[in-house]
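User: I would like to learn how to read a helix in a model. Please take me through one case.

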Amino acid sequence: MRPPLIVVASFLAVGTLVAGAAAAQSIPDTAATLRDKALAGSPAYGVLESLTTEVGARPAGSAAQRRAMEWGVAKLKALGFANVHAEPFTITAWARGAEAAEVTGPYPQKLAILGLGGTVPTPAGGIEAPIALFHSYGEMLAAPAGSLTGKIAVVTEPMARTQDGFGYGMVISMRENGAVEAARRGAVAYMIRSLSTADNRLPHTGAMDYAADVPKIPAAALSPSDASLLDRMVARGAPVTVRLSLASAVTPNAPAWNVVGEIPGREKPDEVIVIGGHLDSWDPGAGAIDDGAGVAITTAAAKLIGDLPRHPRRTVRVVMYGSEEMGGSGSAYAAAHKGEIDHVVLAGESDEGSDLIYRLQLPAGGLDSPALAELGKVLAPLRIILDKTPAQRGGSDVEGLQALGAPIMSYYQDASRYFDTHHSADDVLDRVDVKSMDQNVAAWAALIYMVADSDVDFRRTAPASPAAK
Ligand SMILES: [Zn+2]
């Protein structure tokens with residue numbers, strides 16, 4: 001093997017002399033150039049500003065989501081992506097109507113609430129009932145069957161602020177499953193303290209589930225301040241009565257779309273790296289941090305790669321998923337692309353806002369690949385830890401591909417601030433830190449370029465595999 005290598009090396013040396021340093025730039029050097037270009041000001045902010053200004057909130061199944069799909073197709077085309085198209089699928093869409101809540105006694109006051117995504121409506125005029133208040137979800141689960149009959153169950157457990165978002169994971173069950181558990185115990189409605197790390201008067205919505213064998217009761221989130229208010233009223237001893245009114249409409253078989261665009265590979269266009277964020281959002285805010293930022297970050301990273309003098313060897317595909325919050329887009333994408341699953345080199349999603357990335361996980365053995373030997377050096381100025389633990393989760397829109405066997409990656413972002421505004425009316429462009437968002441673009445562009453221009457095969461990097469390169 002030795003003589004041919006020497007021949008190649010001297011050929012490259014001549015090429016360098018003739019064409020200049022730029023043409024001979026190594027893969028890590030090009031990745032570093034992409035990184036620095038992103039840090040100096042990436043296209044991400046322009047993409048996010050355009051989405052939040054020209055479309056705004058875009059719940060799956062809404063007219064706004066159709067406008068978002070049209071925006072995504074036009075934006076990817078304008079940025080020079082190839083093979084731009086929308087892939088349709090259908091969902092059961094839920095749309096919020098008029099909502100209100102108030103304490104009717106003993107201290108009448110209005111309450112700031114949002115119905116949870118998917119909640120059934122209350123009867124016209126609302127439900128008025130005494131509340132049964134629990135300071136933790138576990139306390140409510142400990143209540144015996146029948147003990148909540150005729151009551152509105154209220155859980156006021158606060159959420160912990162953590163860098164990795166673990167605090168959200170610890171309380172998400174009280175939003176997703178609480179209405180079922182309250183109904184099992186006889187409750188007529190269910191309210192929670194919003195899953196929020198802010199102590200303000202903004203309620204945060206989010207998806208919830210029902211069970212087939214349990215009555216469906218209306219469910220809403222109180223603002224953190226209003227949850228504390230109910231805590232204080234209940235502490236005074238007299239029964240507290242609340243009236244809750246929720247309206248909503250459900251549309252079966254509503255249209256939704258995943259929007260796709262590509263930077264075609266120059267040598268192996270059928271080998272694909274799939275990156276993206278979700279284009280749908282909750283309705284109260286503008287979906288800036290969740291997940292306009294992820295759409296903007298991955299689109300900008302791919303755009304910078306596409307602007308290189310020559311494309312990487314493999315294709316970089318950006319997917320703007322159309323129904324993450326209420327579910328459906330990840331499975332729709334996986335179903336539509338099942339046939340090419342063996343050609344998916346790597347899949348990842350950006351869906352944790354716009355704050356700094358601090359940690360990377362790749363598929364098993366990925367960091368030991370010679371093709372990524374200099375990845376640490378490239379990412380070091382971005383202050384990102386290379387974690388040898390294999391990635392477990394790539395994001396909910398990547399789960400479908402993961403289940404089919406596609407290798408997945410995970411960039412962890414600092415989520416310390418993320419849940420202050422997540423799913424609330426304050427999820428707006430003003431909350432986005434542009435410098436942090438550009439650090440994300442730098443990290444995605446550098447990593448994805450290194451994978452796309454190499455022949456690293458994560459299906460073969462796992463140490464257990466005898467075929468390991
Ligand atoms: Zn999201």
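Analyst: Start where the helix ends: just after α4, Gly 80 takes a positive phi of about 95°. This is a predicted model, in which local features need pLDDT of at least 70, side-chain atom pairs count only at pLDDT 80 or more, and totals for chains, interfaces and linings use all residues. Residues are numbered from 1 along each chain as its sequence is written.

User: Which residues of α4 are buried?

Analyst: An α-helix has 3.6 residues a turn, so residues three or four places apart point the same way. A residue is buried if 20 or more other C-beta atoms lie within 10 Å of its own, and exposed if 12 or fewer; C-beta atoms are placed from the backbone. In α4 the buried ones are Gln 65, Ala 68, Met 69, Trp 71, Gly 72, Lys 75 and Leu 76. They cover an arc (of the directions from the helix axis to the C-beta atoms) of only 165°, which puts them on the same side of α4. Ala 63 and Ala 78, on the other side, are exposed.

User: What covers the buried residues of α4?

Analyst: The cover includes α3 (44–54), β1 (82–105), β8 (241–263) and β10 (314–321). Across the protein chain, 52% of the 469 residues count as buried.

How values were computed. Helix = DSSP H or I, 4+ residues; strand = E, 2+ residues; numbered from the N terminus. Contact = placed C-beta atoms within 7 Å.
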